[in-house]
Amino acid sequence: MKRAIYPGSFDPVTFGHIDMIERSAKIVDELVVAILNNSAKNPLFSVEERVSMLKETAGHVPNVKITFFDGLLIDYARNIDATIIIRGLRAVTDFEYELQIAQTNRIVNSGIDTIFLTTSLEYAYLSSTIVKEVASYGGDISHFVPKQLIPQIYEKYIR
Ligand code: ADP
């Protein structure tokens with residue numbers, strides 16, 4: 001069985017992430033969407049909130065599991081017997097960093113390969129950071145995230 005891991009912060013999940021999940025789930029037998037539980041990144045949403053947002057919006061894909069992890073991705077991938085890491089590439093700015101991480105991971109564990117999917121054009125501009133920036137000013141985020149998540153996101157900015 002081909003098990004892949006799609007790691008990220010998903011703070012919050014966007015249409016870009018959901019598109020990546022739907023597309024990569026077609027390539028592998030099982031896709032584990034794994035939220036990095038890294039407090040150093042100072043996330044807006046707790047890991048529990050991010051799990052529930054992902055379950056709500058990507059739970060319809062049958063071969064997808066939603067989970068979270070601490071520590072090194074490559075160790076977690078080995079622990080769950082994943083042999084593929086999926087990452088998205090939006091622009092050349094993503095590339096240099098992603099290439100370095102992928103090469104480092106190959107040195108640490110050559111049994112695990114990274115596969116990059118290029119972003120769908122309509123989501124090439126989209127990031128969780130953009131969503132938070134627009135939401136913090138009360139702007140319209142309906143083009144960025146599924147509508148059931150919108151109240152939860154605005155709620156974080158009510159003073
Ligand atoms: P990280 O902090 O690990 O970059 P993100 O949640 O920002 O976590 O992104 C997780 C993964 O999803 C990354 O591989 C990123 O490149 C990809 N991704 C994020 N936004 C998009 C998008 N709009 N289109 C395609 N891939 C995306």
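## Where is S120 found?

S120 is found in the loop between β5 (113-118) and α5 (128-136). The helices (H or I, at least four residues) and strands (E, at least two) named here are DSSP runs, numbered from the N terminus. What you're looking at is a predicted model, where local features need pLDDT of at least 70 and side-chain atom pairs count only at pLDDT 80 or more, while totals for chains, interfaces and linings use all residues. Residues are numbered from 1 along each chain as its sequence is written, and side-chain values use heavy atoms, with hydrogens and water left out.

Is S120 buried or exposed? S120 counts as buried, at 15% relative accessibility. Here, buried means under 20% relative accessible area, exposed means over 50%, and partly exposed is in between (1.4 Å probe, protein chains only). S120 and L89 sit 31 residues apart in sequence, and their C-alpha atoms are 9.6 Å apart in space.

## Around the ligand

Now for the ligand. It is surrounded by 15 residues, and the closest are Y6, S9, K41, G88 and Y123. To be counted as near, a residue needs one of its heavy atoms within 4 Å. By class, this shell has six nonpolar, six polar and three charged residues. If you want to trace the shell through the fold, β1 (3-8), α1 (15-25) and β4 (84-89) each supply at least two of its residues.

F10 comes in with its backbone: one of its N or O atoms lies 2.9 Å from an oxygen atom of the ligand. H17 uses its side chain instead, with a polar atom 3.1 Å from a ligand oxygen. Over at R90, an N or O atom in the side chain is 3.3 Å from a nitrogen atom of the ligand. Taken alone, the ligand exposes 550 Å², and the protein buries 89% of that; the areas come from the Shrake-Rupley method with a 1.4 Å probe, and for residues only the protein chains shown count as cover.

Have a look at α1 next. Eight of its eleven residues are buried, so the helix is largely enclosed by the rest of the structure. The buried ones are G16, H17, I18, D19, M20, I21, S24 and A25. H17 is also the residue with a polar side-chain atom 3.1 Å from a ligand oxygen.

At the start of α1, a side-chain oxygen of T14 reaches to within 3.1 Å of the backbone nitrogen of G16. That is a polar contact: a pair of N or O atoms within 3.5 Å; within protein, one must be able to donate a hydrogen and the other to accept it, and residues adjacent in sequence count only if both atoms are side-chain atoms. In the loop between β1 and α1 you'll find P12. D11 and P12 are joined by a cis peptide bond, with omega at about 0°.

## Two residues with positive phi

N42 isn't a glycine, yet it has a positive phi of about 55°. You can find N42 in the loop between β2 (30-36) and α2 (47-58), and with a relative accessible area of 67% it is exposed.

D81 isn't a glycine either, and its phi is positive at about 60°. D81 lies in the loop between α3 (73-79) and β4, and it counts as exposed at 56% relative accessibility.

S46 is in the loop between β2 and α2. S46 is partly exposed, with a relative accessible area of 29%. From S46 to I115 there are 69 residues in sequence and 28 Å in space, C-alpha to C-alpha.

E48 has its place in helix α2 and is exposed, with a relative accessible area of 56%. E48 and I35 are 13 residues apart in sequence, and 9.7 Å separates their C-alpha atoms. In strand β4 there is I84, which counts as buried at 10% relative accessibility. The C-alpha atoms of I84 and G111 are separated by 8.7 Å, with the two residues 27 apart along the chain.

Key. Ala, Val, Leu, Ile, Met, Phe, Trp, Tyr, Cys and Pro count as nonpolar, Asp, Glu, Lys and Arg as charged, and the others, Gly among them, as polar.
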